Amino acid sequence: MNKILDHINTHRDDYIQQLKGFLAIPSISALPEHAPDVRRCAEWCVAELQRIGLKNATLHETPGHPIVYAEWLGAPGAPTMLFYGHYDVQPVDPIDLWESPPFEATVREGAIYARGSADDKGQIFMHLKAIEATLSQSGTLPINVKVMLEGEEEVGSANLDTFIAANKDLLKADVVVISDSPMFDRDVPSICYGLRGLAYFQIDVRGSSTDLHSGSYGGAVANPAIVLTQLLSQMKDKSGKVRIPGFYDAVVDVTEAEKKEFSRLPFNEKRWAKEIGLPKPFGESGYSTLERKWARPTFEVNGLLAGFTGEGAKTVIPAKAMAKVSMRLVPNQDPATIGKLFEDYVKKLAPKTVEVTVTHMHGGKPWTTGFDNAWVQAAGRAIEKGFGRTPVFVREGGSIPVVSTFQEVLGLPSVLFGIGLPGENAHAPNEWLDLGNFHNGVLAAAYLYDELSRVSG
């Protein structure tokens, strides 16, 4: 390993400059006008995978954005790792809140700022550099490697499950490694063993055929904005508990052992609140902040739109109002079941004075694994060697729906090997990635391949 580690340490600054080129491509999958950029980014990935020494680097077309695949299968008898990541990124709005252009990566105070730096290009690039260093210094890898990168993760991965189901032989492996999650805290590396699921919907409320003068019509018609807010206000009670009938029926509670482990983590609630500018934490009564974030389901409003929102005044009753809402789910909540319960509840609450439409956008199942399994333990050893600290085992409140697909369709366990940090603004202006974590992550990834090679069965 010494030659590999020396090579990584020597090329630390080069990696940052190379990463800037990856981050410069505005691969925003949610915006149709950026479809050419998404394809250009996929082509960039194919070229880079070829350059570092992987074989069969290919674009696989889908009804949406292409999936990138490459492999190196020169270690007969050794385990095969399937690495998954996504090369698409979130939109950058509001652009005026960025301190530097979102696609001109800028280094400030030990971090690189750009859209996609943490989610997920920086974490993908970490593995590409570790693979490159290992192949260039050893001429081989200790394990077989398959790489699959998608371009629709930020819009629900509509075509990914179909691709996986149709390519079981191509994707056959022993373990999946995903780097698309944060560590617990700075200087506290971690391995994630649980993710929440997701059910995402849009609610549209329509009253009249056009906006109405609030003086001429006010008091005689239902206001869609008011109806919508009344609907939303009935989704949670004052204690933070979701009021959708049947919502909690299948929930698996956190075990006492997990609660004890959570309590041992170096979590400072006051500091956490201060870092995000929060006056005071809020959540479901009877649970700690970490339990609420990681292991309890919730309902959230993600966006609202109605009426006149420009400067000045315009006295109208809006013809329509819209909200985007999401429910984070925990084992054993099924997104389809929860979605049906939600739709039924909205229909029950909706008055006859307006038209209410509920549209399912996307979703994914929750996931957990035992943190005592051999693959996770191998990842823990690699993290410890790369970061010089023993990792903690945590859950994550976000969702990576494909993890459940890998388990159900391919029968593969997953290891979440993330090196981001809380508060890295992954879906917000000024997204950033800590460069110390990035460098240690490259080292840890190189160690990971070696550690995985020692796992049998």
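Which residue in β18 does Tyr113 stand opposite? Tyr113 faces Trp432.

Before going on, some ground rules. This is a predicted model, in which local features need pLDDT of at least 70, side-chain atom pairs count only at pLDDT 80 or more, and totals for chains, interfaces and linings use all residues. Residues are numbered from 1 along each chain as its sequence is written, and side-chain values use heavy atoms, with hydrogens and water left out. Helices (H or I, at least four residues) and strands (E, at least two) are DSSP runs, numbered from the N terminus.

I start with the sheet that holds Tyr113 and Trp432. It is an open sheet of 3 strands, ordered β4-β5-β18, with antiparallel pairing; two strands pair if DSSP finds at least two bridges between them. β4, residues 106-108, and β18, residues 432-434, stand at the edges with a single partner strand each, so one side of each has no neighbour in the sheet. From one strand to the next, the twist averages 25°. Axes here are lines fitted to C-alpha atoms, for helices over the stretch in contact, and angles run from 0 to 180 degrees between N-to-C directions. β5, residues 111-113, pairs with β18 over 3 bridges in the antiparallel sense. Helix α2, residues 12-23, packs on this sheet and touches β4 and β5, with its direction at about 20° to that of β5. Contact means heavy atoms within 4.5 Å.

α2 also meets helix α14, residues 435-452: their axes come within 11 Å and cross at roughly 110°. That makes α2 roughly perpendicular to α14, a label for angles of 65 to 115 degrees, where under 35 is roughly parallel, over 145 roughly antiparallel and the rest oblique. α2 contributes Arg12, Tyr15, Ile16 and Leu19, while α14 contributes Leu435, Gly436, Phe438, His439 and Val442. By class, the contact has 6 nonpolar, 2 polar and 1 charged residues. Ala, Val, Leu, Ile, Met, Phe, Trp, Tyr, Cys and Pro count as nonpolar, Asp, Glu, Lys and Arg as charged, and the others, Gly among them, as polar.

Now the other sheet. This open sheet has 4 strands in the order β11-β13-β9-β14, again with antiparallel pairing. Its edges are β11, residues 298-306, and β14, each with a single partner strand, so one side of each is left without a neighbour. Neighbouring strands are turned by 15° against each other on average, direction ignored. β9, residues 197-206, and β14 are joined by 9 bridges in the antiparallel sense, and Phe201 has His360 of β14 as its bridge partner. α11 packs on this sheet, touching β9, β11, β13 and β14, at about 25° to the direction of β9. Helix α7, residues 224-233, lies across those strands too, and runs at about 15° to β13.

Last, some backbone geometry. Most residues other than glycine have a negative phi, and most peptide bonds are trans. The peptide bond from Asp119 to Asp120 is cis, with omega near 10°, and Asp120 lies in the loop between β5 and α4. Pro331 to Asn332 is also a cis peptide bond, with omega near 5°; Asn332 belongs to the loop between β13 and α11. Asn56, in strand β1, has a positive phi of about 55°. Asp187 has a positive phi of about 65° and is found in the loop between β7 and β8.
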